[in-house]
Amino acid sequence: MMLKLKEDNGLFLKFKNKIISFDSIHQNSTYAFVSHAHSDHVIKKKTDIPILSSKETVKLINSRTNKSPNKYIESLENAKLLNAGHVLGSKSLLLEVDEKKILYTGDFNTRDRLFLKGFKPVKADILIIETTFGKPNYVFPKFKEVNKEASDWVQDQLKKGKNVMVIGYALGKAQILCKLFEKLPYPIFVDSQIIKINSVYSDFGIELRGFPSIREAKEKGYLSTPSIMVVPPHMVKYYWTPETKTAFFTGWANTGYPNKKIMNYDKTFSMSDHADYKELIEVVKKTDPEIVYTMHGFNREFAKDLKDLGFNAKPLVNGQTKIEDF
Ligand SMILES: [Zn+2]
């Protein structure tokens, strides 16, 4: 059995005559697994290789890319898709190969958040875990506490007659923000890219208010003040006015991104679609694997901490090959 990370961040597992690639494609893949619909995980080029994914993910991909040309499958022998709790339809993959259980988490979150159920770890022999927030300073407050704090702050601004822009990534965070803030007794307007995604959530029973879009409301003259706008980060500059207060929701709220600056927002709130440091450790303990491979984010730091806890852990480092026989 061989596990390898290619230059372009593509991870694959080779065993017997099969190659399974994870959130990437390898030219000789037997099949590829796509854990969720965030664009860095989706296979954009056309391929004849079947892609294992949830139906929610397929629908989200199709809604964002004007229908993907690829062939998707929902199940496969010796493979189980587990709820990953990251965004709608996100899955972890549990594989059984040569009587070994291999768990690939993909992006995950263990918390129950409104309409999303948290990821529940299972026992596995080999664990491949994402470590976006794999450093001890990333421990997030309880989801409910952040909601309360954010809701108080937003209402304060609205009472002062300001518009409030609540900002988060278009797929995942934005739907949580829509649900949270549509409860408040103020008009809410949503960016059109988010509306598209909201309509897929609605197809799967998560009703989110969609209309009108901010642009439509502006054009037709009913973007009243005070009101709430739900906006992805790259659109803030188009909607901002001096009467607008901005609040950004991210796991990087307290520290900034590792390699780039966070824009100047009036307020940031620690809310992530990923597990925090403590939750990552908890998942490793519950999975209780023979070996852990860490990937993304603080993979080296987290692998070191796992070693200190007595686990056999290795970071999957881009451009390096890791080969292990079991
Ligand atoms: Zn993601």
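Start by selecting Gln 155, which is found in helix H2. Helices (H or I, at least four residues) and strands (E, at least two) are DSSP runs, numbered from the N terminus. At 19% relative accessibility, Gln 155 counts as buried. Buried means under 20% relative accessible area, exposed over 50%, and partly exposed in between (1.4 Å probe, protein chains only). Gln 155 touches Leu 184, Pro 185 and Tyr 186, not counting residues up to four places away in sequence. Contact here means heavy atoms within 4.5 Å.

A word on the model before moving on. This is a predicted model, in which local features need pLDDT of at least 70, side-chain atom pairs count only at pLDDT 80 or more, and totals for chains, interfaces and linings use all residues. Residues are numbered from 1 along each chain as its sequence is written, and side-chain values use heavy atoms, with hydrogens and water left out.

**Stop 1: the two domains**

Colour domain 1 (2-138 + 274-315) and domain 2 (143-270) separately. These bounds come from an automatic or database domain assignment. The C-alpha centres of domain 1 and domain 2 lie 29 Å apart. Across the boundary, 21 residues of domain 1 are in contact with 22 residues of domain 2.

**Stop 2: the parallel sheet**

Select E12, E13, E11, E14 and E15. In that order these 5 strands form an open sheet, and the pairing is parallel. Two strands pair if DSSP finds at least two bridges between them. Which strands stand at the edges? They are E12 (188-190) and E15 (267-270); each has a single partner strand, so one side of each is left without a neighbour in the sheet. Neighbouring strands of this sheet are turned by 20 degrees against each other on average, direction ignored. Axes are lines fitted to C-alpha atoms, for helices over the stretch in contact, and angles run from 0 to 180 degrees between N-to-C directions.

Zoom in on E14 (residues 244-250). Strand E14 runs parallel to E15, joined by 4 bridges. Phe 248 stands opposite Thr 268 in E15. Now bring back H2 (residues 143-159). Helix H2 lies across E11 (163-167), E13 (228-231), E14 and E15, at about 160 degrees to E15.

**Stop 3: the core**

Show the side chains of Val 154, Val 166, Phe 181, Tyr 201, Ile 228, Val 230 and Phe 249. These have the most contacts inside the largest nonpolar core, which has 48 residues. Such a core is a set of buried Ala, Val, Leu, Ile, Met, Phe, Trp, Tyr and Cys residues joined through side-chain atoms within 4.5 Å. This core draws at least three residues from each of domain 1 and domain 2.

Centre on Phe 249. Leaving aside neighbours within four places in sequence, its contacts include Ala 150, Val 166, Leu 177, Phe 181 and Phe 269.

**Stop 4: two crossing helices**

Select H3 and H4. Their axes come within 10 Å and cross at roughly 80 degrees. That makes H3 roughly perpendicular to H4 (the term covers 65 to 115 degrees). Where they meet, Ala 174, Gln 175 and Cys 178 in H3 face Ile 194, Ile 197, Asn 198 and Tyr 201 in H4 by contact.

Helix H1 is next. Its buried residues pack against E6 (72-73) and H4. Among them are Val 58, Leu 60 and Ile 61. After H1 comes Asn 66, with a positive phi near 55 degrees.

**Stop 5**

Look at E8 (residues 91-97): 5 of its 7 residues are buried. Strand E8 pairs with E7 in the antiparallel sense over 5 bridges, and Leu 81 stands opposite Leu 93. On to the hairpin of E8 and E9. There are 2 residues between the strands, and Asp 98 takes a positive phi near 50 degrees.

Further along, 5 bridges join E10 to E16, which run parallel.

**Last stop: Arg 113**

Select Arg 113, in the loop between E9 and E10. Is Arg 113 buried or exposed? At 1% relative accessibility, Arg 113 counts as buried. Its contacts beyond four places in sequence are Gly 85, His 86, Phe 143, Ile 176, Ser 272 and Asp 273.

How values were computed:
Parallel < 35°, antiparallel > 145°, perpendicular 65-115°, else oblique.
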